[in-house]
Amino acid sequence: MWNYLRFTSLNLVLIFTLCVTQISHAQNAPVSARVDRSHVALNQTLTFIITVVGENSTAPTLPAMDGLAVVGSSRAAQTSIVNGQVSSQISYRYTLQPSREGERVIPSVRVDVDGRTYLTDPLTIAVTPAVGSPPGGGSNFSNSPAASASADKDLLVRAAVDNPNPYLGEQITYFFRFYQAVSLFDKPEYDAPDFGGFWNQQEVDQKQYTEQLDGRGYRVSELRTVLFPTVIGEQTIAPATLNIRSSLFQRGVVLQTAPVPVNVKPLPEPIPSNFSGAVGQLTIAAAAQTKASDSSNPLTVEVDEPVTLRIVLDGAGNFETFGEIELPELADWRSFDSTEQLDTRLKDGKLLGTRVVEQLLVPVQPGYYEIPAISYIYFDPESDAYQTAATAPIQIRVVGEPAGNSSSSSAGAQTATAPADAQSALGDIRFIKDVPATLSGVARPLSKRPLFWALWLLPLLMLVGDWHLRRRKSHVVADPVATRRSQALRHARRLLHKGRNNGSDPYAVASAVLLGYLSDKLARPVGGLTHAELQTHLRQAGLDVKLIARVQTLLSVSELNRFAPANVNSSPPNGITGEAESILKELEKVFNDRAVGKSLPAKEALHKGFAK
Amino acid sequence: MNDSGRIHLGSTFGEPGGLFNRPWGRTLYALVCSVICLLLWICLGQFSIASAQGNEQDQSQMEEGNRLYAEGRYTEAALTYEDLVARGIRSGALFYNLGNAYFKEGDLGRAILNYERATRLIPRDADLQANLRLASGQIVERHELQNVTFVGSAVAVAARWLTLDEMALVGLVSWFGLAFLWILWQRIPQPSARLREALLLGLVVTGTVFVGSFGLCASRLYLQQVSPQAIVLTPETNVFSGPDTRNSPEFTLHAGAKIHLLEARGQWYRLSLPGSERQGWIALEAVARIQL
């Protein structure tokens, strides 16, 4: 019984898990496709939306669709971070225009996400006969059927341009109007169309008014976008979209305008040779100014006094695409690079602009000069003709002595030496330096010289050396006996050498050195010991008989020569120090080979030695 | 040996510091000090000797450049100065004059580039600082320094007063001073309170100078290696998101703007703006490194 229940419950758990996994997998499928409507009229469009979730995905590849043409597309990406998890979602929107009535199928679309291939479900669309008036020329607004019957009457969007046949570069205005007969609880979202082929600038302000349409009153919200066509020929402005989100009282709906065709005409021939592409209505003015704000006519300046030529081009049009203003060439004047300032603004639906060009000129010769009229050619669509705007000539009288540098220059072609006054207008620099006393070749910087870095080691060596010396000192203080034992031979040799050099009695020296050495090695004073005692100690220290005999012989000979020289046969005194040195070597060897002085602690040995 | 024939232990060995009591000890000590001083003198002399090497031909050429400049022939003057630079002459005055010539020509980028090169050699020169300030005031970019670290600020301030070599020398001398004062501190037996205070103060000051100069020197060297500075030469150039013009332009730089070079790839540099996190890629020919 229990086994049965256990088996059953296990199966149920397994099935439940599989179901949950499947559901979650389905819910988490990264690719989905839908359309905004399943029924569309022949002269209307629908939106096909493919949504892809994932960071590494490829754009969908639309297959051929029988009876459906892609007339527009857009892409929107959205990234969200929830509990530290980043997720990306991309929506690909395709505007489809049916070309035949009947049932049309949008086949599966292939999308690769994170290395896996997904296919969307095919979708079936019902294309019905055309409704309403077809789109055409003039101020033509297209109807956009809503998703529901109520939307047909309550909510509408329309789009059109004020001039569907503009010239290249001529301003037209794109109107998007949203008609609503009912209130909405949420602000709809306007998705502007892709203005490919047009330079565009949308007006910030919306216009709102009421209008009667088909016997019904609507509240109209109007958005305007200023367009300047940049491509000649038949252009189509893609549909604009208005997304109304669903609420408790309103079903969500996406309204879309029809595409708006525009036929862009080329500028009329013949085009003037110095026409630089300006289309609109323009004026141009020029003035020459000095610091002294002289308003006399003609303007009077001195040689080397800077003059600012200010040219203002003003009017309607797309100033961003207008060509440069050609500045006049002036003989006997020095010129500097000009500065330019551009200001644009929208006013009453027209894009206006002002371009101000300023150039600094400096006369080098006295005389009467005229800055010629500066002209600017533009095409005026209103008059269908090319016009020329021109400034008035400017008379300038230059007084004073000619400048030292009489090289003439053409304005705008090259820059030349500026006198101090003119340069100070821009900010003058200090003069050059004299040739230095030495001009060096390429010298390697310090940081790249090994010797420099080697020098850094010296203080380190000093510190290490000092530390070593202090450590040694502390060792000596801690264990003087061991120190003396280790230094015994060196000290003995030093004394021997000193004794030889300063003419001391060699017998005394030899004796003192040998006894001192033995005292250091045995850690006890041996000077006061008898020969027998000394012999005993040396034997205890491990010295052999012969060596002990040599030591005693030397000591005896030394004593005899020092205290009873008359009883000693004459023997070379110098040989005694040599013998002492030889004995020292042998003793050092023996003491080094054996452990010496460990039979008694060093201090105790010292005390015992002194007690005797 | 005393009267009784006994030998005092103390006579067998001198004091541990007896290095100085030995006849050769003092000689050795003097010899070591002399060697150190000699090495120092040689090194410093070498550095100064290296800087004193020049020849009359180079000076004549620079005089010619100055004459052309005075006559207002700035382009020719710049070419004359550039020839000296190309032949390996490194002089603050030369770079300063070259910067002036470019400024007069209206080439702001190259003017600032050469002023910056001059600051590496004569940072304290008042004329140079004035001209660089003036030229920098005409740069279009005004970067807001957002992420300037303390070390970065300190390096920048130090660079206005000391060249890298000078800073390295200050570090070396202070290192010697620190070692010497430390040994003195350890060696003087029972110093007076005043002397101890003086030594302590000396140690602190020297130590601070050493740490500061060594740190700044190391930082400058590191920055020179890792992210060398460069100047934009072209009047206006785009900075892209990748090393190709097909990538989207991120922002625009103008002549004279100072940048840090992070990486070189083909004909492109990856750059960052000083004190900012903005990065991008710029064409190689649009910039020039300050450090030659």
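Guide: Buried means under 20% relative accessible area, exposed means over 50%, and partly exposed is in between, using a 1.4 Å probe and protein chains only. This is a predicted model, where local features need pLDDT of at least 70, side-chain atom pairs count only at pLDDT 80 or more, and totals for chains, interfaces and linings use all residues. Residues are numbered from 1 along each chain as its sequence is written, chains are lettered from A and ligands numbered from 1 in the order in which they are written, and side-chain values use heavy atoms, with hydrogens and water left out.

Visitor: Is A:Thr391 buried or exposed?
Guide: A:Thr391 is in the loop between S28 and strand S29 (394-399) of chain A; strands are DSSP E runs of at least two residues, helices are H or I runs of at least four, and both are numbered from the N terminus. Leaving aside neighbours within four places in sequence, A:Thr391 has contacts (heavy atoms within 4.5 Å) with A:Ile284, A:Ala285, A:Ala286, A:Pro372, A:Ala373 and A:Ile374. At 6% relative accessibility, A:Thr391 counts as buried.

Visitor: Which backbone nitrogen does the side chain of A:Thr391 reach?
Guide: A polar contact is a pair of N or O atoms within 3.5 Å; within protein, one must be able to donate a hydrogen and the other to accept it, and residues adjacent in sequence count only if both atoms are side-chain atoms. Here the distance is 2.8 Å, and the nitrogen belongs to A:Ile374.

Visitor: What is the relative accessible area of A:Leu267?
Guide: A:Leu267 sits in the loop between S19 and S20 of chain A. Beyond four places in sequence, A:Leu267 touches A:Tyr167, A:Leu168, A:Phe275, A:Val279, A:Phe379 and A:Tyr386. So A:Leu267 is buried, at 12%.

Visitor: Which peptide bond is cis, with omega near -5°?
Guide: Most peptide bonds are trans. The loop to look at runs between strand S19 (260-264) and strand S20 (280-289) of chain A, and A:Pro270 lies in it. The cis bond goes from A:Glu269 to A:Pro270.

Visitor: How exposed is A:Asp348, as a relative accessible area?
Guide: Most residues other than glycine have a negative phi, but A:Asp348 has a positive one of about 50°. Its place is the loop between strand S24 (339-347) and strand S25 (350-363) of chain A. A:Asp348 is exposed, at 74%.

Visitor: And what is phi of A:Asp384?
Guide: A:Asp384 lies in the loop between strand S27 (375-380) and strand S28 (385-390) of chain A. A:Asp384 counts as partly exposed, at 43% relative accessibility. Its phi is positive, near 55°.

Visitor: Over in chain B, what do the buried residues of H6(B) pack against?
Guide: Helix H6 covers residues 126-136 of chain B, and its buried residues are B:Leu128, B:Ala130, B:Asn131, B:Leu132 and B:Ala135. At the N-terminal end, B:Asp125 caps H6(B), with a side-chain oxygen 3.2 Å from the backbone nitrogen of B:Asp127. The buried residues pack against H4 and helix H5 (108-119) of chain B.

Visitor: How many residues does chain B have, and what share of them counts as buried?
Guide: Chain B comes to nine helices and seven strands. Of its 292 residues, the buried share is 43%.
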